[in-house]
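Hello,

Here is the structure I promised to pass on. Please open it first, then read my notes below.

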Amino acid sequence: MARAKSQKSGDATKAALATASAGAVAASRPVDAAPQPEDVRFDKALRPRSFDDYVGQTKHKENLRVFVEAARRRGEALDHLLLSGPPGLGKTTLAQILAFEMGVTLHMTTGPVVEHKGALAGLLTKLAPRDILFIDEIHRMPPAVEESLYLAMDEFRIDVMMGEAAFAQSVQIPVEPFTLVGATTRTGMLTAPLFSRFGHNVRLDFYPVEDLAKIVVRSAGLLQTEIDPAAAVEIATRARGTPRVANRLLRRVRDFAEVLGTGKADLAIVKRACERLDIDAAGFDEMDRRLLRIIIEDYDGGPVGVETIAAAMSEPRDTVEDVYEPYLLQQGYLGRTPRGRIATRRAYEHLGIEQVSKSDTSDKKSKESGKLFD
Ligand SMILES: Nc1ncnc2c1ncn2[C@@H]1O[C@H](COP(=O)(O)OP(=O)(O)O)[C@@H](O)[C@H]1O
Ligand SMILES: [Mg+2]
């Protein structure tokens, strides 16, 4: 019994450790921004390789182009760089592009995998001059490892232990000048000393529909799927501002187009596919609507703590905060208050629920009638 329990909580910890696990929790969720196993295969084909292929995020892209050009001219490594933002917006892609544009090798790892100082030393000593070390989920690096990273970032040196037991002593050895590119879904969880060591913080935001439509058209071309411009816009509208979701929806639409239609993705096929997958006009699926319903129906519109929401949804808190909430917050369906989350009028309208004004619990409604999503 106890064993089964610890096994379960072990699983929960594992789930909390990897963003990818969000995909495992709700494996069939097509609008999940976290990577799912099948994404890996397509990622290779669809991932932009250069700045020119990378759609949108113009301001960041232009700045990075300048940094790359300047570093190249000086023959130096790029400054350490932090990439932050919700999952699926192109952080890993940008790290790969930076290495490509710099003409150097990218070494990839994730925070929890670098378990001890020795593992970090192993990575750092393998780097060639100007190489990029990419640490995904850098906010999940063990504190002791993080501390030994400081010296490497500041002075390109590392502390290693030499000798055995009583004769062991710490010596510093040099490493090649390198660039640390860190990625995080939570800038707030980075310690101040680590955060301050990055020369630049690229904060990726959700993509506007026009950019996502461009990504869909580009991906359709790579997948050799014919697509109507209106269909691309419709997919983009339902992609929760996230390229990974747009690409995944496109792949599902392609399945429907091939099996139920002529193979061409048109507006009707997109709508039909989304209906079948239970994705509404705003790009929300059952889980998004459930989150909003919990706040509205069970907690009277909020405020309600994120811990409570997570428990009600049977999801790890991290998943709720990293995967579900950011888009709902950005789009104004959810509000954040010191006492917890609240559902906004937009959320009520989207679900077609009438919002009863709290200050006046009589029949007076703050809105005459809720509008159903189409
Ligand atoms: N700006 C972009 N232009 C085109 N495709 C993109 C862009 N950003 C992301 N993608 C696509 O979305 C997928 C997910 O991006 P990724 O870099 O893995 O996101 P993150 O690391 O932030 O979770 C990639 O495989 C890529 O195909
Ligand atoms: Mg990534």
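Start in the loop between helix H7 (143–155) and strand S4 (157–162), where you will find Phe 156. This is a predicted model, so treat every value as computed. The phi angle of Phe 156 is near 50°. That is a positive value, and the residue is not a glycine.

Next, go to the loop between helix H13 (286–298) and helix H14 (306–313). Pro 303 sits there. A cis peptide bond links Gly 302 to Pro 303, with omega at about 5°.

Now the ligand. The shell around ligand 1 has 19 residues. Gly 90, Lys 91, Thr 92, Thr 93 and Pro 243 come nearest. By type, the shell holds eight nonpolar, seven polar and four charged residues. Helices H3 (37–46), H5 (91–102) and H11 (243–260) each give at least two residues to it. Domain 1 (57–203) and domain 2 (209–276) each contribute at least three.

Last, look at how helix H11 meets helix H9 (residues 209–222). Their axes come within 9 Å and cross at roughly 45°. The two helices are therefore oblique to each other. Their crossing is right-handed. On the H9 side, the contact uses Leu 212, Ile 215, Val 216, Ser 219 and Ala 220. On the H11 side, it uses Pro 243, Ala 246, Asn 247 and Leu 250. What kinds of residues make up this contact of H9 with H11? Seven are nonpolar, two are polar and none is charged.

Best wishes

Methods:
Residues numbered from 1 in each chain as written. Chains lettered and ligands numbered in written order. Predicted model: local features only at pLDDT ≥ 70, side-chain atom pairs only at ≥ 80, totals over all residues. Near = placed C-beta within 6 Å. Helix = DSSP H or I, 4+ residues; strand = E, 2+ residues; numbered from the N terminus. Nonpolar A, V, L, I, M, F, W, Y, C, P; charged D, E, K, R; others polar. Domains from an automatic or database assignment. Axes fitted to C-alpha atoms, helices over the stretch in contact; angles between N-to-C directions. Parallel < 35°, antiparallel > 145°, perpendicular 65-115°, else oblique. Left-handed = near helix turned anticlockwise from the far one by under 90°. Contact = placed C-beta atoms within 7 Å.
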